Amino acid sequence: MTINEELLDIKEKLKYTMEHPYLDKYSVRPYIDEDKLLAFYLLLKENGSYKKVYDYVIVMMLVQIALDTHDHVTNEPLKNQSQNKSRQLTVLGGDYYSALYYFILTNIPDLQMTKQIAKAIQEINEYKMAFFSNDHVQWTTLFQQLGRIESVLVTKIASYLGFSGWTKIIFDYFLLKRLSLEKNKSNSNHNHTFSFFHHLDIVNKNPDIRKVTKQKIDYYFKELKLNLEQTLKEQPLFNTFFKNCSLKLVFESEDHFLFDHRLAEEG
């Protein structure tokens with residue numbers, strides 16, 4: 001099977017694992033971050049010592065999906081009973097995906113991996129609390145916190161599997177992806193995602209800061225893109241990931257291709 005075929009197979013198994021008749025009927029299907037699925041898959045494959053790669057990837061994705069689902073539980077005022085029901089189902093959905101993660105882990109007992117995932121969950125929640133409790137704007141801090149929220153589950157797994165040298169590029173890529181989503185939040189195609197800056201009080205309540213926020217997002221996006229382009233030139237090992245990631249077109253132009261497609265295919 002090709003990489004894409006295996007990824008599609010894992011995604012279908014993940015969707016099947018998450019199926020629940022009541023949630024499927026009354027709530028929106030959870031967002032599956034295919035880049036994180038790809039990252040977990042490549043890390044486990046590159047490590048080479050895990051036989052149940054599919055199960056591990058599904059476990060990690062369930063953790064991510066549970067965290068992402070709970071992000072949609074906001075404190076915004078509810079207008080009607082339908083919205084109240086939707087919020088309740090969102091909470092239950094996140095709890096359900098968390099329960100599935102624990103259930104699958106019982107079939108692949110791995111105490112050390114479980115510890116890494118638990119540490120990542122703790123850190124993500126701490127970074128989220130720190131991000132939303134900011135009462136004044138320190139842009140470097142905000143973007144660092146946001147990058148940790150987006151990447152720490154993957155970087156924890158990468159370090160545990162022996163790829164600590166990959167953590168910087170993982171951080172940069174997933175922060176870049178988050179900023180891309182924040183930039184395009186107004187588009188209907190991105191309604192499944194949660195906007196961190198939209199729910200940040202110090203930004204949401206001040207029109208002037210909202211304008212500056214857009215400028216800062218654009219600035220950090222360009223800086224991260226340049227960093228990642230340089231990394232691709234210096235470390236072609238990452239070509240397989242970038243050839244298959246959702247932002248691959250960001251790194252390609254008509255006359256300049258960062259990918260060595262031959263290397264990527266061989267990888």
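Q: How many salt bridges does the structure hold?
A: This is a predicted model, in which local features need pLDDT of at least 70, side-chain atom pairs count only at pLDDT 80 or more, and totals for chains, interfaces and linings use all residues. Residues are numbered from 1 along each chain as its sequence is written, and side-chain values use heavy atoms, leaving out hydrogens and water. With a salt bridge taken as a side-chain nitrogen of Lys or Arg within 4 Å of a carboxyl oxygen of Asp or Glu, the structure holds 13.

Q: Which residue forms a salt bridge with Glu34?
A: Side chains of opposite charge can pair when their charged atoms come close. The closest N and O atoms here are 2.3 Å apart, and the partner of Glu34 is Lys11.

Q: Which helices do Glu34 and Lys11 lie in?
A: Helices here are DSSP runs of H or I, at least four residues, numbered from the N terminus. The pair links distant parts of the chain, 23 residues apart. Glu34 is in helix H3 and Lys11 in helix H1.

Q: Are H3 and H8 roughly parallel or roughly antiparallel?
A: Helix H3 (residues 34–47) and helix H8 (residues 167–183) pack at about 170 degrees, on a scale from 0 to 180 degrees between N-to-C directions, with axes fitted to C-alpha atoms over the stretch in contact. Angles under 35 degrees count as roughly parallel and those over 145 as roughly antiparallel. The pair is therefore roughly antiparallel.

Q: Which residues of H8 make the contact with H3?
A: Contact means heavy atoms within 4.5 Å. From H3 come Asp35, Lys36 and Ala39, and from H8 Tyr173, Phe174 and Lys177.

Methods:
Helices (H or I, at least four residues) and strands (E, at least two) are DSSP runs, numbered from the N terminus. Angles under 35 degrees count as roughly parallel, over 145 as roughly antiparallel, 65 to 115 as roughly perpendicular and the rest as oblique.
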